[in-house]
Amino acid sequence: MQCKTILFFSLFVFSFAAFGQSDSVTRKKIVKGFYAGNTLLYTNYSKLNSVIGTLGYPIYNLSFAGVSYGITRRQLDRKSYLVTKVSYLFSSPLADNQFLTKNSKISMFEVSLMGNYDLINHPQWMLYPFFGEGIGYSTFTLYDNLVKQSFVASAANLSSPTSKTWSSAYLYFNAGLGVERKFKVWIYDFSVGLSSGYRLTLSKFSENNPSYSEDAPIGLSGVEWNFRIRFEIWRLPRIKSQKP
């Protein structure tokens with residue numbers, strides 16, 4: 001675990017150092033854009049399922065899914081870019097009809113920085129490795145005594161379901177490879193891409209009780225897939241100034 005952490009952290013520091021080398025010296029023009037993405041994170045639920053399954057809760061057999069939004073930044077003469085983004089991911093078990101009174105949910109909120117480095121010199125295509133680092137906060141909640149009722153019945157019998165929550169602040173590193181295709185529409189540069197990589201998460205869940213705490217068998221590391229869209233707006237004055 002320590003070797004993986006050192007490797008990911010070293011790659012992260014080295015890659016981001018390359019971006020920050022000489023903006024003040026070369027005075028390169030900076031192009032900013034907007035980023036949106038969908039994430040699928042495949043993690044290992046075996047330990048969690050072995051615990052909650054014996055307690056009557058539905059087990060997890062799906063991945064994490066979520067969305068990300070952010071701002072991109074690159075130099076005018078380069079295709080490599082940085083992304084600062086916020087993300088929300090969640091995972092819920094597939095409950096069978098026999099599970100009428102119990103359920104659970106895992107949620108993750110993240111802020112991260114990611115570098116994408118172009119490997120080919122092509123006007124429309126971009127092949128890139130990416131390296132990222134982020135911080136997040138995740139909660140795992142078990143709900144008990146849930147009863148399916150109509151709206152009228154629920155309103156007539158106001159009661160809160162019994163629940164218990166475990167939480168964790170965490171640090172994560174990710175790295176992988178992706179491809180993007182650029183499309184130009186008037187003053188907009190759109191790029192649509194797909195990437196895949198591995199996420200290493202350092203976390204420790206504990207119960208929200210001031211008198212005691214205990215580890216919960218939840219892992220947030222795994223293989224992740226990202227579908228991403230970004231676009232840059234080229235201002236009309238800049239376009240006019242470039243015309244002969």
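**Figure 1. Contacts and chain layout in the predicted model.** Of the contacts in the protein chain with a separation of 6 or more, 73% join residues 24 or more positions apart. The model is predicted. Five helices and nine strands make up the elements of the protein chain, and along the sequence they follow the pattern α-α-β-α-β-β-β-β-α-β-β-β-β-α. The protein chain has 244 residues, of which 37% are buried.

**Figure 2. Confidence along the chain.** The protein chain has a mean pLDDT of 78, with 70% of its residues at 70 or more.

**Figure 3. The largest nonpolar core.** This core holds 18 residues, and Leu48, Phe64, Ile106 and Phe140 have the most contacts inside it. Two or more residues come from each of α3 (46-52), β4, β5 and β6. β6 gives the largest share, three residues. Another core, of seven residues, lies apart from the largest one and includes Tyr81, Val83, Met114 and Met126. In soluble globular proteins, nonpolar side chains tend to be buried together.

**Figure 4. Surroundings of Phe64.** Phe64 is one of the residues with the most contacts inside the largest nonpolar core. Leaving aside neighbours within four places in sequence, Phe64 is in contact with Thr39, Leu40, Leu41, Thr43 and Tyr45, among others. The contacts of Phe64 also include Leu89, Phe90 and Ser91, as well as Ile106, Met108 and Leu220.

**Figure 5. Isoleucine 71 in strand β2.** Isoleucine 71 belongs to strand β2 (residues 64-75). Its relative accessibility is 42%, so isoleucine 71 counts as partly exposed. Not counting residues up to four places away in sequence, isoleucine 71 touches Gly33 and Phe34, along with Leu82, Val83 and Thr84. Lysine 85 is 14 residues from isoleucine 71 along the chain, and the C-alpha atoms of the two are separated by 6.5 Å.

**Figure 6. The largest cavity.** The structure holds two cavities of 30 Å³ or more, and the largest cavity contains about 80 Å³ of space. Its lining consists of 14 residues; Thr39, Lys85, Asn174, Glu224 and Asn226 lie nearest the centre. At least two lining residues come from each of β1 (30-43), β3 (81-91), β4 (103-116), β6 (162-185) and β9 (222-233). By class, four residues of this lining are nonpolar, five are polar and five are charged.

**Figure 7. The second largest pocket.** The volume of this pocket is about 250 Å³. It is lined by 19 residues, and those nearest its centre are Arg74, Lys79, Pro123, Lys182 and Arg230. Strands β5 (125-144), β6, β7 (188-202) and β9 each supply at least two residues of the lining. The contribution of β6, three residues, is the most from any element. The lining of this pocket divides into 10 charged, five nonpolar and four polar residues.

Notes. Residues numbered from 1 in each chain as written. Heavy atoms only, no water. 1 Å grid on protein atoms, 1.4 Å probe; cavity = no way out; pocket = protein on both sides within 12 Å on 5 of 7 lines; lining within 4 Å. Points joined across faces, edges and corners; volume = space filled by probe spheres on them. Helix = DSSP H or I, 4+ residues; strand = E, 2+ residues; numbered from the N terminus. Nonpolar A, V, L, I, M, F, W, Y, C, P; charged D, E, K, R; others polar. pLDDT = per-residue confidence, 0-100. Core = buried A, V, L, I, M, F, W, Y, C linked by side-chain atoms within 4.5 Å. Buried < 20%, exposed > 50% of the residue type's maximum accessible area, 1.4 Å probe, protein only. Contact = heavy atoms within 4.5 Å.
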